[in-house]
2 protein chains.
Amino acid sequence: MLNYRVDDLSDDALAREREVQGGLAASTRALIDAVIRSTVDDEEILEIRAQVDELTARLTKSQIAGPFGVSVTPGGTVRGHGNAVVGLRNAIAPPLAIRRDPAGRAEADFTLGAAYEGPPGMVHGGVTALLLDQLCGEAAAAGGSPGMTGTLSLRYLRPTPLGEVSGEAWIDRTEGIKTTVKGKLETSDGVTVECEGVFILPRWAREAMARDAAASPPPSFE
Amino acid sequence: MLNYRVDDLSDDALAREREVQGGLAASTRALIDAVIRSTVDDEEILEIRAQVDELTARLTKSQIAGPFGVSVTPGGTVRGHGNAVVGLRNAIAPPLAIRRDPAGRAEADFTLGAAYEGPPGMVHGGVTALLLDQLCGEAAAAGGSPGMTGTLSLRYLRPTPLGEVSGEAWIDRTEGIKTTVKGKLETSDGVTVECEGVFILPRWAREAMARDAAASPPPSFE
C-alpha cells in the first residue's frame with residue numbers, strides 16, 4: 001500500500017532540484033497570492049489565464065503518471081516533494097521548514113498569507129489542524145516512532161491572525177506502536193491552538209517497510 | 001475583530017466574477033498540479049518560472065492591501081473567495097462546492113489530486129481535517145448556528161486514497177451558543193475519517209455582527 005521509490009540522485013542533483021523545481025513552486029506560491037488579491041481588469045485577467053494555461057501545457061508535456069509520492073535516495077535523503085505541508089514542489093504547502101530533535105520534538109516558524117484565510121484576516125481553523133498534524137507526525141518520527149495519524153484532537157483558544165506563526169510538537173509518551181504527541185501554534189500574542197494526537201504504525205506499513213530493504217524509514221507518513 | 005466588507009455587486013457582476021476570476025484560479029490549480037508532476041528539463045523549468053513571475057507582476061500592479069476577507073452584497077450573497085477550502089479565487093482550495101440543508105447538514109463530493117498528498121498516493125491526514133472543519137462549520141451555519149471551531153476531534157479509520165472523496169457533516173446537538181457537529185469522509189471503499197467538533201459563536205463575533213447591521217450572518221466562519 002505504501003510505495004517509496006528509490007531515486008539515485010547525487011548531492012549536486014538534489015541541490016539543483018531544490019533551486020530549479022523548488023524555485024518554480026516558490027514562484028507559483030506568489031502567483032496564488034496574486035490571483036486572490038488582484039484587482040486588474042477582466043480583459044487582463046483573461047489574457048493572464050490564457051498564459052497560465054500555456055505554461056501548464058508546457059509543463060505537462062512530460063510528467064510522472066500520478067502524484068509525486070515519496071522517494072528516498074540510497075544515501076537516505078527523503079523526497080516528499082508533493083507533501084501538502086512540507087513539499088518542495090507543492091505550491092499549496094507554505095512550505096514548513098521543520099527543525100527536528102531526536103528527543104521527539106519538531107518545530108517551525110512560518111508566515112501564512114492570504115491563501116490560508118478562513119475568517120476575515122485569520123488563519124482557517126482547518127489549516128491550523130493541517131499544519132499541526134504534520135508537526136505532530138514529524139515529532140513522532142524524529143523520536144524514532146514514525147506513524148500515521150490515528151486520532152487528532154484540537155482545542156482552539158483564540159483565532160490565529162494571518163502573518164507570522166510558530167508551531168511545535170513533542171512526544172508525550174510511547175506505548176508499543178502507539179505514540180502520543182502534543183502540539184501547539186502560537187503568535188506574538190500567545191498560544192492560539194493546542195492539540196493531542198495518537199500516531200500509529202499500522203501493520204501494512206510495517207510490512208511494506210520491511211519488504212523494501214533499500215528504503216530507510218521515512219521521517220514522517222504525513 | 002471580524003470585518004465583513006459590503007460590496008454592492010449586481011447578479012451579472014457576480015456571474016462574471018465567477019467566470020473570470022474563478023477561471024483564473026481554476027487554471028492556477030492545474031498549474032499547481034503540473035509543477036508537482038512535471039519532468040520537463042531544467043532549462044524549460046527556469047523559463048517557465050520567469051514567465052510565472054511576469055504574470056504575478058501583472059496581477060500585482062493593482063491589488064487589495066491584505067487578504068481577501070469576506071464580503072457580502074446587500075442582497076445577502078456572501079463572497080468568501082479567499083477561503084482555503086471553498087474560495088472561488090483561492091487556488092489552494094479544491095474548491096469544495098458544498099450543498100447545505102437548513103436541517104443543519106452540509107455535503108460535498110470532490111476530487112483530490114497530487115497537491116493534497118501526504119503518505120504516497122494518499123490524502124494528507126491534515127487535509128482531511130481541513131476539509132472536515134469546513135464541512136462541520138457549514139453544517140452548523142446551515143442549521144442557523146454559525147460559529148468558529150472550539151474543538152475538533154478526528155478519528156482516522158484508514159488512509160484516504162487520492163481521487164474521488166465525499167464528505168458530510170451534520171448538527172448532533174445545540175446548547176445555547178455551542179453547537180456539536182459530527183462529520184465523516186468516505187470513498188468507494190467506505191468511511192475513512194470521522195470527526196466531532198464544537199462550534200461556538202464567541203462574544204466578540206456576536207458583537208461585531210450586531211454592529212454591522214448591513215451584513216447578514218455569513219454562512220460559516222471557517
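Predicted model: local features only at pLDDT ≥ 70, side-chain atom pairs only at ≥ 80, totals over all residues.
Visitor: Why are α1(A) and α1(B) called roughly antiparallel?

Guide: The axes of helix α1 (residues 11-37) of chain A and helix α1 (residues 11-37) of chain B cross at roughly 165°. Angles over 145 degrees count as roughly antiparallel, so α1(A) is roughly antiparallel to α1(B). Their crossing is left-handed.

Visitor: Which residues make the contact of α1(A) with α1(B)?

Guide: On α1(A) they are A:L24, A:A25, A:T28, A:L31, A:I32 and A:V35, and on α1(B) they are B:L24, B:A25, B:T28, B:L31, B:I32 and B:V35. By class, ten are nonpolar, two are polar and none is charged. The axes come within 11 Å.

Visitor: What makes β4(B) and β5 of chain B a pair?

Guide: Strands pair if there are at least two bridges between them. β4(B) and β5 (residues 105-112) of chain B have three bridges, in the antiparallel sense, so the pair meets the cut-off of at least two. B:D101, for instance, has B:R105 in β5(B) as its bridge partner.

Visitor: Why are β4 of chain A and β4 of chain B called edge strands?

Guide: The open sheet has twelve strands with antiparallel pairing, in the order β4(A)-β5(A)-β7(A)-β8(A)-β9(A)-β6(A)-β6(B)-β9(B)-β8(B)-β7(B)-β5(B)-β4(B). β4 (99-101) of chain A and β4 (99-101) of chain B each pair on one side only. From one strand to the next, the twist averages 20°.

Visitor: What angle does helix α3 of chain A make with β7(A)?

Guide: Helix α3 (residues 125-142) of chain A packs on the sheet, and its direction makes about 45° with that of β7(A). Among the strands this helix touches is β6 (148-156) of chain B.

Note on methods:
Residues numbered from 1 in each chain as written. Chains lettered and ligands numbered in written order. Helix = DSSP H or I, 4+ residues; strand = E, 2+ residues; numbered from the N terminus. Axes fitted to C-alpha atoms, helices over the stretch in contact; angles between N-to-C directions. Contact = placed C-beta atoms within 7 Å. Parallel < 35°, antiparallel > 145°, perpendicular 65-115°, else oblique. Left-handed = near helix turned anticlockwise from the far one by under 90°. Nonpolar A, V, L, I, M, F, W, Y, C, P; charged D, E, K, R; others polar.
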